[in-house]
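Here is a short briefing on one protein chain. Look at the fold first, then read the notes.

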Amino acid sequence: MAVNLVNVEQVSKVYGTRALLDGVSLGVSEGDRIGVVGRNGDGKTTLIRMLAKLEEADTGRVTHNGGLRLGVLTQHDSLDPKATIRHEVIGDLADHEWAGSAKIRDVLTGLFGGLDLAGFEQGLDTVIAPLSGGERRRIALAKLLIAEQDLIVLDEPTNHLDVEGISWLAGHLRARRSALVCVTHDRWFLDQVCTRMWDVQRGTVHEYEGGYSDYVFARAERERIAATEEGKRQNLMRKELAWLRRGAPARTSKPRYRIEAANELIADVPPPRDTSALMKFANARLGKTVFELEDVTVQAGPKTLLTHLTWQLGPGDRIGLVGVNGAGKTSLLRALEQAARTQGEAQPADGKIVVGKTVKLAYLSQEVAELNPNLRVLEAVQQVRDRVDLGKGREMTAGQLCEQFGFSKEKQWTPVGDLSGGERRRLQILRLLMDEPNVLFLDEPTNDLDIETLTQLEDLLDGWPGSMIVISHDRFFIERTTDKVLALLGDKSLRMLPRGIDEYLERRLQMAGAAAPAAAPAASSGAAAPAPGVSAQEARAAKKELQKVERQLDKMSTRETTLHAQIADNATDFEKVAKLDAELRELVAERDVLEMRWLELAEDA
């Protein structure tokens, strides 16, 4: 039986007149991997700080198992600014000692790209004081992961990590024995790492089994039964359910509860986007030309980032742009933005950018634009426009759009100067959309946004007719809002990736192996090698078998639904329930094997 590590008993916490937590009781046991979600300001960080005894509860108590080894990553590190990275992360270990540790090598390579810490001028001997907040957080995370703990508590660990870093961290945490409690808005990360979810809402915490996808199903089912949530929030949940169920069969972890009722919720939900209708509308608004790049060179100061780039962004294109830090993602957007702002007069160092005459660009940069702090939220939005046309006959007032973005009627009269960083980010996106652009550049739009706001933003973008480029380390957001993935791999070129971010990670792994062949055998032990190429004949055979497997999975799904219904109908007949349950378990095991085969065939086909 798993040992209980932390007990939270009837804990309450009040700030001013607001009860963040009210009589909450929870427990963390060995082997638990818990993701904490909820709206910004609902008490997620407060909960984990009390869990770690960094903050006192007003009432109730928190108890730790004797001798508990606890590691905590907060949003503000406690590193010594006068110390070096070596001193903080490795301590007094000699070079041969830490270099001989597979764990230390793995952490340094995963978080910093190599043992030499190439991103830092003096490597391990770099002094911490002048470093940025993101660099300090990576150092604090490395220090925590190198140590041994029984329980790790992480507050937004994926902030300031790129797609590769997030993928590495997910694999590292899955392989550790430590229990985990993690606050993050990265839904892909939650799905990869967590086996339980805590949803912090209005002073209470609801517990769910499984990762983020399972949580969405279970929460929708709970709300369906309770019928307490307003219609618009239920509609958003149904839309996200439909998106999750249209993914690969193995997107969610294996069900631990009945999800048939949740599936009924989405039986009549159309695809998130009517691509053909949006493309037709985008053509009407934009014409044939949006951006055309001919033999373009992109530079950042003296550094050349992209050379001989010939590429076209067409009407209605929805592009996810990924790549290594410093490869030129933001610089490419800025070059396009400058060309659009000057009607094609501002051109790159070499080559030519042609801008469509009808292009109306909105560019969300990583920096939050400063607004008059004395303006009210609603006034700041109305400053741009009173009403907005969202396409497909949808129109919203400034107040309605504010509500959809989490600004209640009372909050709309809050001065901008009193907003949090996440709320200002929301307001920035809101003002951009109010200006009715037909081309959107979004550079890290998910920064500081909670999951509920992200789903609302995704819903708005689903019906938005225009061209869009998204740069984000949030894999879920890119997969959810875009149709194509392009990558900057650091070789001064832009590449189309038909298989999306999975292909990007495979290519990066191949590049790392080519750069360090001696280290490749050791590195490959923790990650699967990419699938070898297949011939056209093998691809056709795989496609044929894939269709057969899909038909089998459909039949199994129907039979599984029938078995659940029979179990419910014969709940008092224990002998019959036992037989039905045995059949159900056998069916689930067969389906698991088929799902894995489906994934293998899908890659070949």
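Two strands pair if DSSP finds at least two bridges between them. Helices (H or I, at least four residues) and strands (E, at least two) are DSSP runs, numbered from the N terminus. This is a predicted model: local features need pLDDT of at least 70, side-chain atom pairs count only at pLDDT 80 or more, and totals for chains, interfaces and linings use all residues. Residues are numbered from 1 along each chain as its sequence is written, and side-chain values use heavy atoms, without hydrogens and water.

**Sheet**
- Strand β12 (residues 318–323) and strand β18 (residues 467–471) run parallel, joined by four bridges.
- Ile 319 stands opposite Ile 469 in β18.
- β12 and β18 belong to an open sheet of six strands, in the order β14-β17-β18-β12-β19-β20, with mixed pairing.
- Its edge strands, β14 (361–364) and β20 (494–497), each pair on one side only.

**Cores**
- A nonpolar core is a set of buried (under 20% relative accessible area, 1.4 Å probe, protein chains only) Ala, Val, Leu, Ile, Met, Phe, Trp, Tyr and Cys residues joined through side-chain atoms within 4.5 Å.
- The largest such core has 74 residues, and Phe 291 and Trp 311 touch the most other members.
- A second, separate core of 47 residues includes Leu 73 and Leu 169.

**Confidence**
- The mean pLDDT (the predictor's confidence in each residue, from 0 to 100) of the chain is 81.
- Of the chain's residues, 82% reach 70 or more.
- Where pLDDT is low, the predicted coordinates should not be read in detail.

Key
Buried means under 20% relative accessible area, exposed over 50%, partly exposed in between (1.4 Å probe, protein chains only).
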